[in-house]
Amino acid sequence: MFRKILIANRGEIALRVINACREMGVRTVAVYSEADRNSLHVRFADEAICIGPPRPGDSYLNVPQVISAAEVADVDAIHPGYGLLSENANFAEVCRASNIKFIGPPPEVTRLMGEKEKARQAMKKAKVPILPGSDGVIPTVEEAEEWALKVGFPVILKAKAGGGGRGMRIARSSDELPNHFHAAHAEAANAFGNGELYMEKFIENPRHIEFQVLADEHGHVTTLFERECSIQRRHQKLIEEAPSLQVTPKLREEIGRTLCRCLTEIGYQNAGTVEFLMDAHRQLYFIEMNTRIQVEHPVTEAITGVDLVKAQIRIAAGEKLDAILPSKVEMRGHAIECRINAEHPRKFTPSAGQITAFNVPGGNGVRVDTAQYAEGVIPPYYDSLIAKLIVHGADREEAMARMERALGQFIVRGIETSIPLHQEIFQDAGFRAGEFDTGFMERFLAGRAEAEKSRPENAA
Ligand code: MV4
């Protein structure tokens, strides 16, 4: 096992990794920006090193600074958390060259999955279901036309170097295609330094369902079932749950078996998430793979009892999956996570500043992952996630009741949070019935705006 790990991250995930290390008897090194001097990840790590000014590019994303800190502190490994350097293959390569174990997949695999079109072809080759679409990138508008006729409208143009929703355009007919092709190309070239595009059949309001996988460094792969992540706004997830009501035991088993074969073939290692879209016929289609631990990993931990961060560390230390996991991982009950953001619950504007009161709910079946505390300060430089509230119940009904109870006891003053929005979503009949897709939030917010307009006190 490692002697000492550097955590190249901040906030709740840095603390999450520190907690896992502490319980495993591994020493921890936090890195922090000047804005995070008083953060809990700094306080609870064994050592802490300031790596620069507040802006992420000057600190958490500064590879030479992070590597210098790792060398000075003499660590064996780096855990990148999520976001920041977690899916940066160049960083993983620098770690390798510096003789520091990167806790994640090998850079070659990260690079493959980062090229979305190559990932798609790799999945296709391994018989993972993909959407009808182009074979390879599309160099010209004329070829885009040909593919679109083959695939059938509507189609979606996606950036090969993209992901997470940027550089995408939907074309519903032939006459829309040239403009969308050029716009998507320009946006992708600007955002990712690579304008190459590929095409897929567009699925209207799909569900977003993802499978958690774990792979050791000895060729063994297992899946830890799925998470339903359709409740999102502008590609930011707000609520995740496991299992998905839409995935039958048969489908779960089939996809799981196919993914194990596929990821063994690819040489995948460590934790990963395979994203699928589900259409109205409940068919699942691969769209992307994330080569990191995800924000929503606790819902999988809740239903499986597996500590995914400890599993990541043990895998990176060379342990075999059969030493890490029970002989058969079973699913138990239902888990839901709310991402509590520091933002206005209606306007979604970020809300930085001083927290003046902070009460975290607890009790049976409630977990809160946060690095915030009463009198803490939310700096304006980073993403708005301040806490994850995760509940686990015997079934979805109990989990929902528990979430409503816990949301009511989660008190944050001094800044705005998304808690009131979450409370409203849990009142929604469609959400409660499990009848939702990725279009849910847009419809929900439009309905809410409409209801407000027609209230008598708002009438003209
Ligand atoms: C799609 C799609 C419909 N059809 N691909 C958005 C983020 C990126 N990871 C993939 N995305 C989508 N790809 C096809 N062929 C719809 C989306 C999409 C979406 C996907 C998952 C979660 C939320 C979403 C919101 C809007 C669009």
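I began at the start of helix H4, where a side-chain oxygen of Asn 88 comes to within 3.0 Å of the backbone nitrogen of Asn 90. I note that the model is predicted, and I read the contact with that in mind.

Next I asked which residues of H4, residues 89-97, are buried. I found Ala 89, Phe 91, Ala 92 and Cys 95. Seen down the axis of H4, these buried residues fall within an arc of 160°, so they line one face of the helix.

Then I checked what covers the buried residues of H4. The cover includes helix H3 (63-73), strand S4 (77-79), strand S5 (101-102) and helix H5 (107-114). Just after H4, I noted a positive phi of about 65° at Asn 99.

I moved on to strand S6, residues 155-159, and asked how many of its residues are buried. The count is five of five, and I wrote the strand down as mostly covered. Both faces of S6 are covered: one side has Val 155, Leu 157 and Ala 159, and the other has Ile 156 and Lys 158.

Last, I looked up which strands pair with S6. Strand S7 (residues 169-171) pairs with S6 in the antiparallel sense over three bridges, and Ile 170 in S7 is the bridge partner of Ile 156. Strand S8 (residues 197-201) also runs antiparallel to S6, joined by five bridges. In S8, Met 199 stands opposite Leu 157.

Note on methods:
Residues are numbered from 1 along each chain as its sequence is written. This is a predicted model: local features need pLDDT of at least 70, side-chain atom pairs count only at pLDDT 80 or more; totals for chains, interfaces and linings use all residues. Side-chain values use heavy atoms; hydrogens and water are left out. Buried means under 20% relative accessible area, exposed over 50%, partly exposed in between (1.4 Å probe, protein chains only). Helices (H or I, at least four residues) and strands (E, at least two) are DSSP runs, numbered from the N terminus. Two strands pair if DSSP finds at least two bridges between them. The arc is that of the directions from the helix axis to the C-beta atoms. Contact means heavy atoms within 4.5 Å. A polar contact is a pair of N or O atoms within 3.5 Å; within protein, one must be able to donate a hydrogen and the other to accept it, and residues adjacent in sequence count only if both atoms are side-chain atoms.
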